Each structure stands twice: as C-alpha cells, then as structure tokens.
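Colleague: Could you walk me through this structure step by step? I would like to begin with the strands and then move on to the side chains.

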Amino acid sequence: YEAGTLVQFGGDKEITIAKDGVVHGVISEAPAYLMNAEAYGIPVAMIGRVKVKVFGAINKFDCITLSKDVKGFAAKAQWGDKVIGRALESNELGGEHLIECVVKLNLD
C-alpha cells in the first residue's frame, strides 16, 4: 500500500484497506520509531503526525474520518462521524491529496 493509505487489521491479508468505518492505522512513509524493524512488512502508524490520503476539501485543523466515497482515504468529519485525527494542512482544491495530520486510532 502507498504511504497515507488508511488500513485495518485482517481481511485477505494481515492488513487491508480500511472500510466500513474501521481504521486501525495509516501507512507511514517516515516512521519516527519502528517497532520490530528487523521484521518483514510495511510501517503502520497508529498515533502521531503522519501524511494521510484525503479526499475532498479539508481546512487546517478540521477533524478527519474514513471517507465514505473512496476506500483507504480520509475525509472531513461531519457531526457523529468517528474521528481518527485532525488535519495539520489544508486541501482547498478538493480531490485526492496527501496531507499531514495528527492521528490517534483506537483498536475497537
């Protein structure tokens, strides 16, 4: 998976693209701390500052949630959505972009 993709544990493989409102991590392009560095796999961030794939217009400091339109992407959260983080950059043009966010994901 590409950096910024929202993923969940399980599915056909150990991790799969996030769907159905469940997000367990974000594929990281530059992890600050890499647990099990000698193991095979890709780095998954569950907390901290990380680039996230977003879809649609988002302003700096908006809350983000799993997109209902594009699998593996985040979107601006609406009232009642499960918040997975907060945007630290804007995506004023809409469409698909990679922006820095702070995330804190639950394992529920």
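Colleague: In which sense do strand E1 and E2 pair, and over how many bridges?

Modeller: Please keep in mind that this is a predicted model. Strand E1, residues 6-9, pairs with E2 in the antiparallel sense, over three bridges.

Colleague: What is the order of the strands in the open sheet of four?

Modeller: The order is E2-E1-E3-E4, and the pairing is antiparallel. E2 and strand E4 (44-45) are the edge strands, as each of them pairs on one side only.

Colleague: Now the inside. How many residues does the largest nonpolar core have?

Modeller: The largest nonpolar core has 18 residues. Those with the most contacts inside this core are Leu6, Val23, Val26, Val52, Ile64, Cys101 and Val103. In soluble globular proteins, nonpolar side chains tend to be buried together.

Colleague: Which strands each supply at least two residues of this core?

Modeller: They are strand E5 (47-55), strand E6 (63-66) and strand E9 (96-104).

Colleague: You listed Val52. What does Val52 touch?

Modeller: Leaving aside residues up to four places away in sequence, Val52 touches Gly4, Leu6, Val26, Ile64, Ala74, His97, Leu98, Ile99, Cys101 and Val103.

Colleague: E5 and E9 keep coming up. Over how many bridges do E5 and E9 pair?

Modeller: E5 and E9 pair over nine bridges, in the antiparallel sense. As an example, Phe55 has Glu96 as its bridge partner in E9. E9 also pairs with E8, again in the antiparallel sense, over three bridges. There, Arg86 stands opposite Val102 in E9.

Colleague: Let us change topic to charges. How many salt bridges does a search of the whole structure find?

Modeller: The search finds five salt bridges. One of them links the side chains of Glu100 and Arg49, with an N to O distance of 2.9 Å. Glu100 lies in strand E9 and Arg49 in strand E5, so this pair ties together parts that are 51 residues apart in sequence.

Colleague: Are those two residues buried or exposed?

Modeller: Glu100 counts as partly exposed, because its relative accessibility is 24%. Arg49 has a relative accessible area of 60%, so Arg49 is exposed.

Colleague: With which residue does Glu89 form a salt bridge?

Modeller: Glu89 forms a salt bridge with Lys51, and the closest N and O atoms are 3.7 Å apart. Glu89 is in the loop between strand E8 (85-87) and E9, while Lys51 is in strand E5, so the pair ties together parts that are 38 residues apart in sequence. Glu89 is partly exposed at 32% relative accessibility, and Lys51 is partly exposed with a relative accessible area of 28%.

Colleague: And what about Asp62: which residue is its salt-bridge partner?

Modeller: The partner of Asp62 is Lys76, with the closest N and O atoms 3.8 Å apart. Asp62 lies in the loop between E5 and E6, and Lys76 in strand E7 (residues 74-76), so this pair ties together parts that are 14 residues apart in sequence. Asp62 counts as buried, because its relative accessibility is 15% and buried means under 20%. Lys76, in contrast, is partly exposed, with a relative accessible area of 36%.

Colleague: Which residue in that loop has a positive phi value?

Modeller: Phe61 lies in the loop between E5 and E6. Its phi is near 80°, a positive value in a residue other than glycine. At 49% relative accessibility, Phe61 counts as partly exposed.

Colleague: One last point. Is Thr65 buried or exposed?

Modeller: Thr65, which lies in strand E6, is buried, with a relative accessible area of 7%. Not counting residues up to four places away in sequence, Thr65 touches Phe73, Ala74, Ala75, Lys76, Ala77, Asp81, Lys82 and Ile84.

Note on methods:
Residues numbered from 1 in each chain as written. Predicted model: local features only at pLDDT ≥ 70, side-chain atom pairs only at ≥ 80, totals over all residues. Heavy atoms only, no water. Core = buried A, V, L, I, M, F, W, Y, C linked by side-chain atoms within 4.5 Å. Buried < 20%, exposed > 50% of the residue type's maximum accessible area, 1.4 Å probe, protein only. Contact = heavy atoms within 4.5 Å. Salt bridge = Lys/Arg side-chain N within 4 Å of Asp/Glu carboxyl O. Pairing = 2+ DSSP bridges.
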